[in-house]
Amino acid sequence: MADREYLLSPWIRIWHWTNAVLIITLGVTGMSVHFADPNLPLVEFSLAVRIHNIAGVCLIVAYSFFVIGNIVTGNWWQFVPKPPGIMQRMIEQTRWYAYGMFVGEPHPHTPSKEQNFNVLQAVTYWNIMYLLMPVILVSGLVYLYPEFAPDTLFGFDGLLPVAMLHYLSATAILLFLLSHIYLGTTGKTIGQLFKMMITGWHEH
Amino acid sequence: MRSLFNKLLAIVGSFALLALPPMPAQAQNATAVISPEQLAKIHAGNDKCLACHSQAGVEHPPLAGMDLKKLRTLIRDADAFYASDHQRLSCTKCHNEGYDDFPHAADAKDNTTTCSDCHSKSAAIVDKQFANSVHAKNLSDKFTCTTCHNPHLMRLAAKLGDPQKIVAQDNRVCLGCHDSDEQFAKFAPEKKSRPLIDDIHSWLPNTRLHWKHVRCVECHTPAVAAGEPISHEIFNKEKAEKNCVTCHSANSALKTRLYRHLVKEEEHRLGFANSIILASSYMPGVTRHPLLDALILIAFGATFFGLLAHGLGRIIAHYIRRRKNHG
Ligand code: HEM
């Protein structure tokens, strides 16, 4: 028992990898649409649009699954940083990423059933999942049905603010994605955290 | 009493016409300059026709015993006519002989001036292009200029100005047949049923949105040089434009088509590329913000290399630590 703990139930892992594949797909096709250029297509425009629209709807379904799953299982509690000493632990965690890990200090936080995330993770994930995701999902949905966008706004097409919101939140999510993947390598070993996300077991 | 009042009104009205300012700026580059007096005369002449050929004429017929049912189908909208290309023509310039009196002469219709009588030069060019067109090949006897052009309504794109209005006007022409079984059947070869316009273009997402913001002729006619009028050669499915990035890219073809008369006004408002298009349409791939895009790419680059440097630091630190522990 001591060196192995089962932390992540199958539904979370299935949702996580579905979400990851969808977001990468949406990122690649979304960029192809945004930077459309006859000379250097990443994904051909009409194909990119078709894939993006389908993946977008799938992401909405996946997100609903995530929200419902969190409510039903009580997993949402994981995303709430717990007092006391939130600020203190946040500084500690940051210090470890910036300095401690280089000199071989041990992790300031060990994932457990009660507290899977460190504070920094909890705060970031909470913001991404409950602030940014709704923005990108709703703006994507309006983008898909532009008749719900305002007709005009300040002398520009009314879809502009919707598209801008979509583009900027996409940027934020993809920047998060980069860091997220990288921080996945900061477990005890490079692969430890990835393995946990696949098998559900945390190797202490 | 009533008729006296009407006469007074007519006199005041004609003074009002005389007092009109010179032609509005948009119609200034006319072939022949028309004085306000001449224009008032033209309007007064047209008012005679419009006394019957208008909503008011049908509701209060100036003459008894007319075929009102038929007249109802022959109403011309004065406001629309005076906003059209032919706003400064007398009705009788085209409806030549036989219309001055009522009942009209039996053969009056045969005397209608044709487009090429007045537009011989452009008609010759149009005729050649039209001859290569899908409509000319199968339907030439039924298909003439007036099948598409309502000479009482249509307005040159450059003069309409607003792209939304241009699209509405020009697509009404094509959709009038291609989105109406009744109208299509009048022209189609026998037994040819109308393919649904959205089905034919099912490869295009959100077709109805496209019909509202872009013209059929954008994809169904060949490109022409900057100053030239649009071509009348309508492409069939082999030649029609199917490549999205022709429109959906920074250097959109719409700049030389629907927006050609506006590109000179391009101001990069708020830093947007193609802001002139953005005024009426947000187009993915077209209406970007180069500065914002650059900042975002820099943010990605900085994050990527930042993480890379962090990773390298970890590797180096790892070896240093190992050497220390061993040494
Ligand atoms: C993390 C997920 C997502 C990312 C990274 C993303 C990214 C992007 C980007 C960069 C664009 C181009 C924006 C522009 O040039 O204006 C775009 C367009 C678009 N996005 Fe997303 N998006 C995501 C999710 C969604 C969702 C959930 C939907 C809704 C179902 C959606 C619907 C659309 C639509 C309709 C467009 C316009 C082009 C098209 O029809 O494909 N997106 N997206």
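Student: What share of the contacts in chain B between residues at least 6 apart in sequence join residues at least 24 apart?

Tutor: In this predicted model, the share is 49%. A pair counts as a contact because heavy atoms lie within 4.5 Å.

Student: What makes up the secondary structure of chain B, helices or strands?

Tutor: Chain B has 18 helices and 0 strands.

Student: How many of the 327 residues of chain B count as buried, as a percentage?

Tutor: The figure is 29%. Those residues are called buried because their relative accessible area is under 20%. Chain B exposes about 21,400 Å², with 62% supplied by carbon and sulfur atoms.

Student: How do you know that chain B and chain A are in contact?

Tutor: 34 residues of chain B contact 36 residues of chain A, and contact means heavy atoms within 4.5 Å. Between them the chains bury about 3,200 Å², of which 69% is on carbon and sulfur atoms. B:Tyr282, B:Phe300 and B:Arg314 supply 22% of the area chain B buries against chain A, more than any other three residues.

Student: How many salt bridges does the rule find across the interface of chain B and chain A?

Tutor: The rule finds 0.

Student: Which element gives the most to the side of chain B that touches chain A?

Tutor: H18(B) does, with 14 residues. That side of chain B holds 18 nonpolar, 11 polar and 5 charged residues.

Note on methods
Residues are numbered from 1 along each chain as its sequence is written. Chains are lettered from A and ligands numbered from 1 in the order in which they are written. This is a predicted model: local features need pLDDT of at least 70, side-chain atom pairs count only at pLDDT 80 or more; totals for chains, interfaces and linings use all residues. Side-chain values use heavy atoms; hydrogens and water are left out. Buried area is the accessible area (1.4 Å probe) that two parts lose on being put together, summed over both. A salt bridge is a side-chain nitrogen of Lys or Arg within 4 Å of a carboxyl oxygen of Asp or Glu. Helices (H or I, at least four residues) and strands (E, at least two) are DSSP runs, numbered from the N terminus. Ala, Val, Leu, Ile, Met, Phe, Trp, Tyr, Cys and Pro count as nonpolar, Asp, Glu, Lys and Arg as charged, and the others, Gly among them, as polar. Buried means under 20% relative accessible area, exposed over 50%, partly exposed in between (1.4 Å probe, protein chains only). Accessible areas come from the Shrake-Rupley method with a 1.4 Å probe; for residues, only the protein chains shown count as cover.
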